[in-house]
Amino acid sequence: MRLDRPIGTLLLLWPTLWALWIAGEGRPDGWVVTVFVVGVFLMRSAGCVINDYADREFDPFVERTRNRPLAVGLVTPKEALLLFALLSLAAFLLVLTLNWLTVVLSFVGAALAASYPFMKRYTYLPQVYLGLAFGWAVPMAFAAETGAVPIVGWLLLIATVLWATAYDTIYAMVDRPDDLKIGVKSTAILFGDADRAIIAIIQLMLLAVLIIIGQRLALSGVYYAGVLAAALLMLYQQRLIKHRDGMQCMRAFRNNNWVGAVIFLGLLGHYLQA
């Protein structure tokens with residue numbers, strides 16, 4: 001469940017909070033927030049479990065993952081599937097307390113989470129698929145708060161997909177040598193020597209979508225200050241990955257927690273002064 005590595009939970013949580021605060025116009029329903037925060041924890045944990053189950057034959061050959069519980073035999077595949085089922089069931093029971101549209105959307109989210117770990121076998125774009133899986137909480141949050149998913153909700157989903165594609169490509173750069181040996185696909189492999197440039201283009205696209213969202217919602221300068229801070233953090237990440245060193249790429253990946261945080265603080269500041 002990676003309870004010792006909360007970065008994945010945080011990267012899933014931030015877009016969810018963006019969506020909840022926008023959908024609730026700064027005052028989201030307390031129970032809805034509780035359901036989504038707990039749901040983020042449960043589904044990220046479930047995603048880690050099913051990911052390790054899917055990769056149990058690959059992980060022993062990758063430096064970063066060779067000591068995972070399934071890879072070394074501390075946990076059996078059946079135990080992993082049982083844990084995945086229990087975590088998913090707990091999350092679904094929470095969703096059942098929300099409206100019907102959110103429940104319907106949750107089935108799509110569950111399918112994305114369960115199928116994502118297998119994508120690296122068939123496509124060089126598993127990072128994009130991860131973005132969709134992580135971002136699906138965004139339309140669910142709008143549905144839970146408002147009973148519908150407006151255009152800005154889909155724009156925020158696009159922003160989340162772009163963000164996840166960028167940071168997970170940086171993450172995949174760490175494993176690229178091992179992935180090439182065992183035949184696993186990723187955007188880091190697809191982009192090759194153009195990886196840094198393409199990541200920068202994706203980050204610029206993310207910033208553009210965030211600005212469009214701000215314009216559609218007539219958000220104040222506080223929000224744009226958050227977007228500017230995010231842009232500066234992305235510049236820092238580009239500096240970190242300049243030489244494609246594994247440890248520095250991992251630092252750049254983890255730095256995205258602060259990207260999510262400053263965007264949320266910008267939204268929070270806007271609604272507090274409204």
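**Figure 1. Residue classes in the lining of the second largest pocket.** Seven nonpolar residues, one polar residue and six charged residues make up the lining of the second largest pocket in this predicted model. The space in the second largest pocket amounts to about 310 Å³. The lining has 14 residues, of which Met-1, Arg-2, Asp-52, Arg-68 and Pro-69 are the closest to the centre of the pocket. Two or more lining residues come from each of helix H2 (30-54), helix H3 (69-72) and helix H4 (77-95).

**Figure 2. Packing of helix H8 against helix H10.** Helix H8 spans residues 151-182 and helix H10 spans residues 195-216. Their axes lie 9 Å apart, and the two helices pack at an angle of about 160°. Angles over 145 degrees count as roughly antiparallel, so H8 is roughly antiparallel to H10. H8 and H10 form a left-handed crossing. The contact of H8 with H10 comprises 19 nonpolar, three polar and three charged residues.

**Figure 3. Packing of helix H1 against helix H8.** Helix H1 covers residues 7-23, and its axis comes within 11 Å of the axis of H8. The two axes cross at roughly 165°. H1 and H8 are therefore roughly antiparallel to each other. The crossing of this pair, H1 and H8, is right-handed. On the H1 side, the contact is made by Leu-11, Trp-14, Pro-15, Trp-18, Ala-19 and Ile-22. On the H8 side, Leu-156, Thr-160, Trp-163 and Tyr-167 take part. Sorted by class, the residues of the contact of H1 with H8 are nine nonpolar and one polar, with no charged residues.

**Figure 4. Packing of helix H5 against helix H6.** This view shows helix H5 (residues 100-115) and helix H6 (residues 126-135), whose axes come within 9 Å. The axes of H5 and H6 cross at roughly 145°. The crossing of H5 and H6 is left-handed. H5 contributes Leu-112, Ala-113 and Ser-115 to the contact, and H6 contributes Tyr-129, Leu-132 and Ala-133. In the contact of H5 with H6, five residues are nonpolar, one is polar and none is charged.

Methods:
Residues are numbered from 1 along each chain as its sequence is written. This is a predicted model: local features need pLDDT of at least 70, side-chain atom pairs count only at pLDDT 80 or more; totals for chains, interfaces and linings use all residues. Side-chain values use heavy atoms; hydrogens and water are left out. Axes are lines fitted to C-alpha atoms, for helices over the stretch in contact, and angles run from 0 to 180 degrees between N-to-C directions. Helices (H or I, at least four residues) and strands (E, at least two) are DSSP runs, numbered from the N terminus. Angles under 35 degrees count as roughly parallel, over 145 as roughly antiparallel, 65 to 115 as roughly perpendicular and the rest as oblique. A crossing is left-handed if the near helix is turned anticlockwise from the far one by less than a right angle, and right-handed if clockwise. Ala, Val, Leu, Ile, Met, Phe, Trp, Tyr, Cys and Pro count as nonpolar, Asp, Glu, Lys and Arg as charged, and the others, Gly among them, as polar. On a 1 Å grid over the protein atoms alone, a cavity is a set of points where a 1.4 Å probe fits but cannot get out, and a pocket is an open set with protein on both sides within 12 Å along at least five of seven lines; lining residues have an atom within 4 Å of a point. Grid points are joined across faces, edges and corners, and a volume is the space filled by probe spheres set on the points. Contact means heavy atoms within 4.5 Å.
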